[in-house]
Amino acid sequence: MTMILDGTKGVGLPTWNTAGRPTGISTGYTGYNTTTAQIEVYNATYNTWNTAGTPGNTYSVEYLVVAGGGSGGYGGPGGAGGGGAGGMLTGTSTLTSGVTYTATVGGGGANPSAGANGIQGSNSTFSGSNISTITCIGGGYGAGSNAAVAGGAGGSGGGASENGTASGGAGTVGQGNNGGNQVGTSSNAAGTGGGGAGAAGGSLNTNAHTGGNGGIGLASSITGSSTYYAGGGAGSVWNGVTATAIPTGGNGGGGNGSCNLNSNIATAGTANTGGGGGGRGGGGAGGSSAGGSGVVILSVPTSAYTGTTTGSPTVTTSGSNTIIKFTASGTYTA
C-alpha cells in the first residue's frame, strides 16, 4: 500500500478493498477502494471513510417532531369537543456536515368564537436538502355549535359536540389517534375528547353529562428525562348541569374541558407539547380552548455538534449527546 509519485504519470494511491481497509490510522489517510471503485478518505474523529468529493462527514441524530395541537370547540351553549393533539413522530436521521437543516415549529389552533368549531393546529417539519422531510400534521379541531357536529381530522382527531350522534375526527396513521365519538341521542350533554398520540379521545353517551377525557400522549426520553407530548384536549360539559367529574386533558399537554356550574374553566393545550385545547361550553364558561404549540428536538452526538444554530433553541446535554430543542422555528448546520 505504498503511494507512488511519478512526475509524468501522476500519483499512484495505495489500494484496498472494503473488507481490507487499513486500521489504526489517522485522519487524512487516502486510498483507492477496489470494492467501490472510488477514492476514499479516513476521518478518525467519526471513524468513517468518506468518498472523495462527497459533502463531508455524516452522523446519526435522534429526532422528535410534534405539530401544533388543535383548539377545542366553543359550545353555544352546549358541550363542545376537545382539540386533537398535534401529530408526533420520533426516529433517527443521518445529517451531513456543512448542510443546514430547518426545524419548523407549528403553532396551536387559536380560540374560536362562541358557537364555532375550533381551529386546526399547524404542521411541524424537519427538513434538509439531502434528507426526506419529516412532516407532522396539526391536531384536528374540536367541534362547537349546539348540535351534533363531527370533530376535525388531523395528527390526532378532534372531539365531537353534543346533541346526537357524531364521530370524532380521524387521526393520521403513525402520528396520532381519532377523537372520541358521540353515541347518544339526547340533548343537553357534553362533548367528547380529542385524540392523543397514545390513545383515542374519550367517547360517551350524551345522557352522561360528564364530557370525554382527552386521549393520552406518548412519552419520550430524548432530552434525558421521560416527558409526555401530544395529549388530547377534553370535551366540555353542557352549561346547565353540574358534572360528576370534570373532563381532563390527556397526559402530554392536553387542556381540560369547562363545566360552567362547577366553576371549572377550559384550559389551553400546553405550549411546546402539541396538546389539544379543552372544549369550552357556552353560558359564560370562561378560559381558553387554544391548542398548544409544537416542538422539534434533536439529540446530536456531542463530538459532532457544531454549535451553529438560528432561532435561539434551548441547548443542553444528556450523557454523550447535545440536545437542541426548538420551541420556535430555526436551523441547525451540521
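A search of the whole structure, which is a predicted model, finds four aromatic pairs, where rings of Phe, Tyr and Trp (its six-membered ring) pair if their centres lie within 6.5 Å, and planes under 30 degrees apart count as stacked, over 60 as edge-to-face and the rest as tilted. One of these pairs is formed by Tyr 305 and Tyr 332, which are stacked at 5.9 Å centre to centre with 10° between the planes. Because Tyr 305 lies in the loop between β14 (295-301) and β15 (308-310), while Tyr 332 belongs to strand β18 (residues 330-333), the pair ties together parts that are 27 residues apart in sequence. Strands here are DSSP runs of E with at least two residues, numbered from the N terminus.

Tyr 332 is buried, with a relative accessible area of 0%, whereas Tyr 305, at 24%, is partly exposed; buried means under 20% relative accessible area, exposed over 50%, and partly exposed in between (1.4 Å probe, protein chains only). Elsewhere, ring pairs link Trp 16, Tyr 42 and Trp 49 into a cluster.

Residues are numbered from 1 along each chain as its sequence is written, and side-chain values use heavy atoms, with hydrogens and water left out. In this predicted model, local features need pLDDT of at least 70 and side-chain atom pairs count only at pLDDT 80 or more, while totals for chains, interfaces and linings use all residues.

Note on methods
Helices (H or I, at least four residues) and strands (E, at least two) are DSSP runs, numbered from the N terminus.
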